[in-house]
Amino acid sequence: MMNGDATFVAPATPFGTSGIAVVRINGPLALTILSKMSRGIKPKPRTATLTKIYNQDGKLIDECIVTFFKSPASYTGDDLLEVSCHGNPVLVNNIIQTVCTNGARLAEPGEFTKKAFINGKIDLLQAEAVGALIKSRSDAAAKINSQTLNGTLSHSLNNLNNELINVASKIEHAIDIAESEIQNSFYKSCNSEIKTIIHSTEQILLTFEAGKMLNDGIRVVITGKPNVGKSTLINYFSGSEKAIVSDIPGTTRDIVESTMNIGGVPVRFIDTAGIHSTDDKIEKIGIERASAEIGFADLVLYIFDDPSQDIFPEFGCPFICILNKSDLHKNVSKNDSIIHISAKSGKNVEFLLDKIKETMSINEVSTDTPHLTSNHQQIAISKSLESQQAASKLLDHTSPEMELVAYELRDAISAIDTLLGKTSPDDILNNIFKNLCVGK
Ligand SMILES: Nc1nc2c(ncn2[C@@H]2O[C@H](COP(=O)(O)OP(=O)(O)OP(=O)(O)O)[C@@H](O)[C@H]2O)c(=O)[nH]1
Ligand SMILES: [Mg+2]
């Protein structure tokens, strides 16, 4: 259970050997605990202080640099201490154990950020961006998450909500006035304001695909019959011998993955077993796994090596047909829907990458504007949009039901409030924080 006044501690750096490691102690007992462990040190806020740290038995653990962030001017808003020791997990453990013996407890995942949220240092979107920024796998992803952390998305959504509140208050006011006194132009002007808000909301929603793609990346599954060159292609992409290549059909059985950064988007290529009918028990399992992967794919690369093949399977997602081993085929007539490559020599693979970019709209990703990045953000904004549209539709009538319009607008506002964390249900909050690492 989380307790508002508890002092908690966690490593802020990954476990393992490193130059330094940082332990964070947050809460009202932070300074007292440090004083006990350092024989009386009282660090000045925001100043690096060199001190020896001792365990419960008075034995030296390490010489450390401590930095004290006094409440409320800290990441969490509470008193927060950062202890930098030598980067050895044994030392980190000893420090954490001693801190706990002196009255702190271990932090839960994301608890530092949860404290920052509870203390009003950041809103929920920013808290979510902390986790996303840490996990960013490309410059572009880091850029959009850092923007959200800096509040640009919150700013856009707050603006939207203020505009909604503005129209909603006019409508609520009009409810108290006799219908005969309200002019038709009033409804029209409210509706036109709502339509402007609808347009802005749609623009924000449009950023989701790209935002999600930058953060989560895309899964590209390579499939086809055995021996067509699927593994040769993933090896070419990864620049290494990741997958076994041989001229024996049915070589690949396990799933082999390689991630490549394409236009800032982490693209996970997944090589799979060649699909055909077989009695081989192990190969069958491989083929089942391959089919399952295709079910989760954002894009499928269907490879074949027989130029006379003219029937191709359909997939439940975008796919690209690739005729491999172009070095072996002479005078094959070109067809715009099929890309000819040689996975062995790399011929035309650049063109294939361009085609992947084009198919997945990777070229259009702009990192200059705030982006929605998670499903629950997209759901909340879509919900707000639906309510805005319902309100606008009601206002199209000659004498609209103003109570209903007000009701829809309140819903539109509260959907956005959920995202900002003003009225978020506990399950959404817990989900966001538990996905952060311990120490963040
Ligand atoms: N000439 C030529 N041979 C190729 C090319 N690409 C792959 N091959 C050869 O085709 C054979 C099969 O290649 P793999 O990459 O193992 O084929 P696969 O589709 O992964 O096969 P399975 O794992 O059995 O399904 C190997 O001998 C490769 O060297 C190419 O572009 N040109
Ligand atoms: Mg293979």
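Two strands are said to pair if DSSP finds at least two bridges between them, and helices (H or I, at least four residues) and strands (E, at least two) are DSSP runs numbered from the N terminus. This is a predicted model, in which local features need pLDDT of at least 70 and side-chain atom pairs count only at pLDDT 80 or more, while totals for chains, interfaces and linings use all residues. Residues are numbered from 1 along each chain as its sequence is written, and chains are lettered from A and ligands numbered from 1 in the order in which they are written.

**View 1. Strands 10 and 11 run parallel.** Strand 10 (residues 299-304) is joined to strand 11 (residues 319-323) by five bridges, and Phe-304 stands opposite Leu-323 in strand 11.

**View 2. The largest nonpolar core has 68 residues.** Such a core is a set of buried Ala, Val, Leu, Ile, Met, Phe, Trp, Tyr and Cys residues joined through C-beta atoms within 7 Å, where buried means that 20 or more other C-beta atoms, placed from the backbone, lie within 10 Å of a residue's own. Val-9, Ile-25, Val-83, Ile-95 and Leu-409 touch the most other members, and helix 13 (residues 402-420) gives the most to this core, with nine residues.

**View 3. A second, separate core has 41 residues.** Its members include Ala-141, Val-228, Tyr-236 and Ala-343.

Note on methods. A residue is buried if 20 or more other C-beta atoms lie within 10 Å of its own, exposed if 12 or fewer, and partly exposed in between; C-beta atoms are placed from the backbone.
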